[in-house]
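Good morning, and thank you for making time for this presentation. Please look at the sequence and the structure as they are shown.

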Amino acid sequence: MASSPCGNSNFDSGLEIKTRSVEQTLIPLVSQITTLINHKDKPKKSERTLAAIHRVGQAVSVAVGRFVTVGEAIATENQELKDEMGQACFEARRAGDAIAQLTDVGSALPSQSDGRVTVFSDRTGMVKAARLLLSSVTKVLVLADRIVIKQIITSRNKVLVTLDHLERVSTFQEFVQIFSQFGNEMVEFAHLTGDRQNDLKDEKKKARMAAARAVLEKCTMMLLTASKTCLRHPDCESARINKDAVFHRMRCALEQVIEIVTEARSCGENKILPASIYNGIKDFKVGVECLRENLYSLSPQSMGSQLEALVERTEDFTDSAYTSHEQRQAILGLCQLARQDTQQLVNAWVEAQSLHAKEATEDMEVAILKTCQSISDLRRELHKVAVIRASDLLKVHGEQLPLRALKAAGAEGNLEAMAEYSRKLTEQKEQLVETCRLLCHVSGTEPLEITCVHAEETFHVIGPQIISAAQTLALHPSSKIAKENLEVFCEAWESQLCDMALLLREINDIFEGRRGDKRPYLSLPRPGVIFPAWNYLVCVSVCVQEQTSMAKLGLELRLLSSDVDTEVEKWEEQEHDIVRQSQSLASMAYNMYLFTRGEGLLKTTLDLFHQAEVCASISANLLFAPPSVLFFLLFYRSCKCICCFIKHKT
């Protein structure tokens, strides 16, 4: 009992601790109980020591009593957990009372020889009470965690219902009303899932949650513009295809979040983590090095099969049309060298077994070293090929030539040029998808593998969506809403390229042994960063909670500004002063949102303050002359969010 049970994440109750919050709650309790049990090893104690033990025991009992009171309140509010929670609370209270009794000063008597106090309480009784307490408290915490999961599921269900309504709307007025509700529900869902993502202990689940939340965040804006475009051009087939793809992707992401929080088993689990070369090399080297200790840990045939499976995976590199001849020859040469070294190892291994050797012979040791070295050289070459490919692609595609050409062709209504640049974008998409697959092979960790798979899927999906949005614009070149829709999808593409650059740096850091702090791929929540200010000002450090809060407010502002954009679409007098100012306000709100992501035109905290002041000033003016009640409410809520920004930072 001296060691913390949190290390194993399992208690006598058989419950597994899956979140950091539960684990952190138990650590102080484990520490106090450990102190009590360790003192039971010394039956004679001074009055001062005994008083300290008594205080700890009473503190544990009081803390458990308060804890149980909260648990019982939770049980009352959630009838489906009432029986289980009630039993766990009863056991926790009983164990807390037992510990208080075992540490009671009244149960100890002074010794006649040295004046010290002898504690007659049985150590076994303390251990038994401690185990019961930890088991019951853990059960209460895990049951309470189910409430959090229930909240996420309930929030998801609300989003799905509203999503269905959004998909069936037929008028702008109805769309504006429902999308406003949808925005609020998405903000709530983002808060809940963001907290859950941070609380998860399993890094793979964290990465999967991050990927799903990234899809939802980006698709929220796509859904807005795609739906508006479809409403404006209801007979346009490309607009309908564009909109349907967004709705489908959002539903898949919502389902993935629920699979993670409920640990539902699905076929998607296997698709997330394909067999990577990195994992194959790691497993192969472990098997080879185990031969030093046990010559019979595996068979020569299984080692040969393992190597061939590993070599087969390198075909993703060698069969690629984008791999140079020199790179292909280098990979094939290293694969052949690995085969030769492995065969020499097998020969030495079989010889050692025939001599009934108990450990690796000298020839085997040399062969093991050579095999591990050749495999490491193969991994290094594959890493180099993948990284060079990704770096070159990011440099070429950083100019965004196909996207710019598509926008221009669509705005001109040039269907022929649009088709030509669509083919170029498709080729670019295929290159990026294949490169993400190669990076997955050399990523170095399972969370990064998941991020690579997410990047691959994102490029695979957004490419066709950009083309359908461009087709819609080419068919309706004067449509401002179709142009805005294409811009949103192009921004998502550019954002994914930025994420890919961050991912590439992370993979390089892992390969070179510089793990450091993991870089974020999401705007919600973001780790605290230091924003540069003017030379005569002190740099401002924004803590994690502040940055998270700002990001959440930023997302809500962006959703509200989207509502405003939709309302403005109904106004024919685009030169009207109110419309101009409202569009300016929406743009400012979006810039403030981008600031929380570390992007956009606002570079310093001072820029944020200035933008918020200007934004609030414009909003105040608009409140006196709103074109409609809905417009009034939208700007009122926007003002409240802006005030929260300013109040939060001042």
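I shall speak about aromatic pairs, helix packing, cysteines and a few individual residues.

First, a word on the basis. This is a predicted model, in which local features need pLDDT of at least 70 and side-chain atom pairs count only at pLDDT 80 or more, while totals for chains, interfaces and linings use all residues. Residues are numbered from 1 along each chain as its sequence is written, and side-chain values use heavy atoms, with hydrogens and water left out.

Let me begin with the aromatic rings. How many aromatic pairs does the structure hold? There are 3 aromatic pairs. Rings of Phe, Tyr and Trp (for Trp, its six-membered ring) pair if their centres lie within 6.5 Å; planes under 30 degrees apart count as stacked, over 60 as edge-to-face and the rest as tilted. The pair of Phe175 and Phe179 is stacked, because the ring centres are 5.6 Å apart and the planes stand at 25 degrees. Both residues lie in helix H5 (residues 172-199), 4 residues apart, so about one helical turn separates them. Helices here are DSSP runs (H or I, at least four residues), numbered from the N terminus.

Buried means under 20% relative accessible area, exposed over 50%, and partly exposed in between, with a 1.4 Å probe and protein chains only. Ring pairs also link Phe175, Phe179 and Phe182 into a cluster.

Next, consider Phe459 and Trp493. Their ring centres are 5.2 Å apart and their planes are at 70 degrees, so this pair is edge-to-face. The pair links distant parts of the chain, 34 residues apart: Phe459 belongs to helix H16 (residues 446-475) and Trp493 to helix H17 (residues 480-511). Phe459 is buried, at 1% relative accessibility, and Trp493 is buried as well, at 0%.

These two helices bring me to packing. Two packed helices are described by the angle between their axes and the distance between the axes. H16 and H17 pack at about 160 degrees, and their axes are 9 Å apart. The axes are lines fitted to C-alpha atoms, for helices over the stretch in contact, and the angles run from 0 to 180 degrees between N-to-C directions. H16 is therefore roughly antiparallel to H17. On this scale, angles under 35 degrees count as roughly parallel, over 145 as roughly antiparallel, 65 to 115 as roughly perpendicular and the rest as oblique.

The crossing of H16 and H17 is left-handed. A crossing has that name if the near helix is turned anticlockwise from the far one by less than a right angle, and is right-handed if clockwise. The contact of H16 with H17 has 20 nonpolar, 8 polar and 2 charged residues. In these classes, Ala, Val, Leu, Ile, Met, Phe, Trp, Tyr, Cys and Pro are nonpolar, Asp, Glu, Lys and Arg are charged, and the others, Gly among them, are polar.

I turn to another pair of helices. Helix H13 (residues 362-397) packs with helix H15 (residues 415-441) at an angle of about 150 degrees, the axes being 9 Å apart. H13 is thus roughly antiparallel to H15, and H13 passes H15 in a left-handed crossing. Asp377 lies in H13 and counts as partly exposed, at 23% relative accessibility. From C-alpha to C-alpha, Asp377 and Cys335 are 9.6 Å apart in space, and they are 42 residues apart in sequence.

A further pair is helix H9 (residues 277-290) with helix H10 (residues 300-313), packed at about 160 degrees with axes 10 Å apart. H9 is accordingly roughly antiparallel to H10, and their crossing is left-handed.

Now the cysteines. A disulfide is a covalent bond between the sulfur atoms of two cysteines. Here the term is applied to a pair of cysteine sulfur atoms within 2.5 Å, and the structure holds 0 disulfides. For Cys219, the nearest cysteine sulfur is that of Cys252, 9.8 Å away. Cys219 is buried, with a relative accessible area of 0%. For Cys436, the nearest cysteine sulfur is that of Cys452, 6.7 Å away. Cys436 is buried too, with a relative accessible area of 2%.

Finally, I mention Leu254, which lies in helix H7 (residues 237-262) and is buried at 0% relative accessible area.

Definitions and conventions. Helix = DSSP H or I, 4+ residues; strand = E, 2+ residues; numbered from the N terminus.
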